[in-house]
Structures are given as C-alpha cells and as structure tokens.
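Welcome! Open your viewer, get your selection tool ready, and let's take a walk through this model together.

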Amino acid sequence: MNDAFENILGQPKVRDYLRTAVTAEKVTHAYLFVGPAGSHKMLAALSFSQALLCPKGAKGPRGGECGACDACGKVRRRKHPDVRVFEPEGAQGYLLEQVRDIVGDASLAPIQADRKIYIVDRADLLSVQAANAFLKTLEEPPDNVTFILLARSREGVLPTVSSRCQIVPFRTIPSQEACGIVVQNSGANPEQAAFALAACDGSLTKAVAFLSSHKSMELRGRLFGLLERLRQADDWDVIEGVRVLLDLSRAPTDELRSRQEQELAKNQDFLAKSAIRQIEARNKRALTAQTIESLSRIVALSRSWVRDVMAVCEGASELVVNVDVADALADAASHTSAARAARALVDIGASAQALAYNVSPETCIDALMFDVRDRLYR
C-alpha cells in the first residue's frame with residue numbers, strides 16, 4: 001500500500017530512510033537534505049512533513065498519508081499553518097529578518113497539529129550573520145519542532161549549521177529516469193518531458209507543472225519563435241518580442257498577488273497593524289522571488305535552444321532536446337558555428353546572474369536577446 005513517501009520518486013534510499021525514521025519514531029530535531037537541483041528534496045521534505053503531521057499517525061492507514069484528512073491535503077498544498085517553507089529573499093541569500101522570523105515563530109505553540117516543521121530551502125545561502133542568529137534554535141529547538149534544511153551540497157553549507165543536522169544525501173537522477181518520472185506524472189511523451197526538464201533546470205516537480213500550464217507552454221512557443229527570427233530581426237523587433245515575453249511571464253506573479261490580497265483581506269480584521277506590515281513585507285519579497293523565477297524560465301529556455309543549435313553545429317543531432325523545433329534549429333545552425341553558440345551560452349549565464357542580483361527585468365531580457373543575436377549571427 002502506498003504512503004506519503006511514495007511521492008519521493010527517484011530516491012529509493014531516501015524514501016526508505018525517512019519512512020523508517022517515522023514508523024520507528026526516531027525522528028531527530030534537524031535534517032539537512034543535500035543533493036543537486038531536481039533531486040526532489042523539497043518534495044521529500046513535504047512528504048516527510050505530511051507523515052509527521054497526519055493525525056492518524058505513521059502506524060495508521062497508509063502510514064502517514066491517510067488520503068482523506070484535511071491535514072494531509074494542506075501539507076501537500078503548502079497551506080498547513082504548522083509547516084512553514086522559507087526561501088532566500090535577498091539578492092545574495094537569506095535576510096537576517098527571515099532568520100529572526102524563524103527563531104521567533106519556533107518558540108510559539110503549533111496552531112493545528114502537535115508539531116511544527118520548518119523547511120529552509122537553499123540553506124547554502126545562509127550568511128555567517130544569518131546562520132549565527134539561527135544556531136542556538138537549530139541546536140536546541142522546542143521538543144515539538146523539526147527543521148528540514150535543503151542544500152545543493154554539504155560543502156556549501158556552513159559547518160556550524162551542517163554539524164547540527166542529520167545529513168540525508170540525495171542522488172542525481174539519471175536523465176532517462178527523470179524523463180520517465182515526468183512522463184508518469186504528467187501524461188506527456190518522452191520528448192515533451194525532456195524539453196520541460198531543460199526548461200526547469202532539471203526540477204521534476206517544476207517540469208510536471210510546466211507541461212500542465214498553458215501559459216508556460218505559450219511562453220516557450222513565443223520565445224522560440226523570437227529566437228528563430230533573431231537572425232533577421234532589427235532592434236525594434238527584439239524589443240517588441242521581449243515585451244510579449246514579459247507580459248506572459250507576469251501571469252504567475254499576478255496570480256500570486258491576487259491570492260495574497262485575498263488572504264490578507266480575509267484575515268486583516270483579526271491582525272494587529274504590526275502583523276499586517278510584516279505580512280505585506282513578506283508578500284512583497286515573495287512577489288519579487290516569483291518574478292525572478294518566471295524570468296529565469298526565459299533564461300533556461302534560451303539556454304536549451306542555444307545548446308541544441310550548438311549540438312546541430314557539431315553534428316550531434318541526437319543530443320537535441322527541443323526536437324519539436326528541429327527545423328528552426330537546423331536553420332540557425334546553418335548560419336552560425338559551435339564556437340559562436342558557446343559564446344552565446346556564456347552570455348546567457350551572465351543574464352542568469354544578473355537576474356539574481358535584481359537587475360531590471362526588462363533590461364536583462366532585452367540584453368539577453370541582443371547578446372544571443374549578436375553572438376550567433378553578427
């Protein structure tokens with residue numbers, strides 16, 4: 001019979017380890033999940049949280065995922081008040097204010113469950129100052145608190161943080177296996193799974209969501225159309241094409257803003273003014289993060305398209321990911337070279353870094369398209 005941990009696809013050892021920890025009631029106070037992007041660390045953290053908070057318990061029906069209770073559904077949807085997920089909100093990583101928020105909240109009693117869980121994504125972006133503010137709480141949290149930190153490597157996490165956690169290593173999921181998982185969970189074909197993984201930097205969960213989103217697929221189509229036309233495009237053509245892409249990329253941010261406004265309107269009569277200001281500040285940071293993620297999708301898609309052009313230039317068409325635009329890739333390759341494509345990839349990497357530093361989105365994407373055009377054809 002399936003349980004919450006069956007959702008952790010591609011990580012059998014992690015699945016067994018976490019399942020045993022819950023069923024044997026040997027859950028420790030802090031974990032550090034380490035592995036590359038796309039290795040399902042966040043999904044594992046949510047599944048672990050679900051098993052810990054299910055009121056029917058690890059030894060109940062389906063061992064932590066009863067499949068019917070409100071708690072399980074809320075954890076899956078990231079709506080449970082006792083499971084808080086944190087992501088870096090600063091250009092360089094975590095803000096000291098975020099860590100203080102975690103520390104202060106950890107001392108409060110749970111709202112609905114008998115335990116509170118804090119999932120801290122990209123713990124490798126905790127600065128020394130932020131980590132120092134966190135150490136005492138991480139080492140000696142209240143008995144009903146569990147921390148789950150996520151990072152891409154153990155070496156990237158400050159030793160003072162990693163030494164206080166139980167390390168759980170995640171493996172790199174082979175590309176063929178990753179495609180199979182996306183196919184299984186999305187109903188897409190292998191070719192679609194491959195280009196979705198490339199668009200989402202290998203994240204299985206995001207790739208499944210990408211394939212189910214009409215706006216995301218439209219963004220991909222518009223972007224690839226612009227890339228196909230770049231060789232003959234003048235500056236105004238590029239600017240106009242970018243405007244369309246930016247309009248499409250704003251859809252997820254607009255949806256998030258709408259949800260935030262609805263939730264705040266529903267609860268503001270019960271909140272103090274100071275709490276409302278904190279929520280508004282947090283919401284603003286979340287909107288910024290969503291904007292960067294949406295624009296990063298344009299960068300990732302551009303990278304996959306240029307890599308495919310380079311593969312065709314090198315006579316390695318079997319490595320092409322975006323096979324549905326093979327004719328456009330072949331045409332582009334006939335007017336450029338692998339060396340030019342490689343230089344364009346360097347510029348795309350620079351654009352990704354610029355987004356992380358909160359450079360103007362319009363400026364960044366405009367520059368990206370001009371750089372790709374000039375590197376490939378001028």
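Start by selecting Glu25, which sits in the loop between helix 1 (12–23) and strand 1 (30–34). Helices (H or I, at least four residues) and strands (E, at least two) are DSSP runs, numbered from the N terminus. Before going further, note that this is a predicted model: local features need pLDDT of at least 70, side-chain atom pairs count only at pLDDT 80 or more, and totals for chains, interfaces and linings use all residues. Residues are numbered from 1 along each chain as its sequence is written, and side-chain values use heavy atoms, with hydrogens and water left out.

**Stop 1**

Is Glu25 buried or exposed? Its relative accessibility is 64%, so Glu25 counts as exposed. The cut-offs are these: buried means under 20% relative accessible area, exposed over 50%, and partly exposed in between (1.4 Å probe, protein chains only). Now look at the backbone: Glu25 has a positive phi of about 55 degrees although it is not a glycine. Most residues other than glycine have a negative phi. If you draw a distance from Glu25 to Leu46, C-alpha to C-alpha, you will get 18 Å, for two residues 21 apart in sequence.

Next, select Arg122, in the loop between strand 3 (116–120) and helix 5 (128–139). Arg122 also is not a glycine, and it has a positive phi of about 50 degrees. Arg122 counts as partly exposed, because its relative accessibility is 22%.

**Stop 2: the whole chain**

Zoom out and show the cartoon. How many helices and strands does the protein chain have? There are 16 helices and five strands. The radius of gyration, taken over C-alpha atoms, is 22 Å, close to the 21 Å that the globule rule (2.2 Å times the number of residues to the power 0.38) gives for 378 residues, so the chain is as compact as a globular protein of that length. Along the principal axes, the C-alpha atoms fill a box of roughly 65 × 50 × 40 Å. Of the 378 residues, 46% are buried.

**Stop 3: helix 10**

Select residues 214–229, which make up helix 10. This helix has 16 residues and reaches 23 Å from its first C-alpha to its last, close to the 22 Å expected. The expected span is 1.5 Å times one less than the number of residues. Color its buried residues, among them Leu219, Leu223 and Phe224. An α-helix has 3.6 residues a turn, so residues three or four places apart point the same way.

What do the buried residues of helix 10 pack against? Show helix 8 (190–199), helix 9 (204–212), helix 11 (235–249), helix 13 (273–313) and helix 16 (361–377) to see these partners.

Now click on Leu227, which lies in helix 10. With a relative accessible area of 0%, Leu227 is buried. Leaving out residues up to four places away in sequence, Leu227 touches Ser302, Trp305, Met369 and Val372, where contact means heavy atoms within 4.5 Å. Leu227 and Trp305 are 78 residues apart along the chain, while their C-alpha atoms are separated by 8.2 Å.

**Stop 4: helix 12**

Move on to residues 251–267, helix 12. Its 17 residues should span 24 Å at 1.5 Å a residue, and its end C-alpha atoms are 25 Å apart, which agrees. The buried residues here are Ala251, Thr253, Leu256, Gln260 and Leu264. Helix 10, helix 11 and helix 13 are included in what covers them.

**Last stop: Ser351**

Finish by selecting Ser351, in helix 15 (residues 338–356). Is Ser351 buried or exposed? Ser351 is buried, with a relative accessible area of 6%. Setting aside neighbours within four places in sequence, Ser351 is in contact with Cys364 and Leu368.
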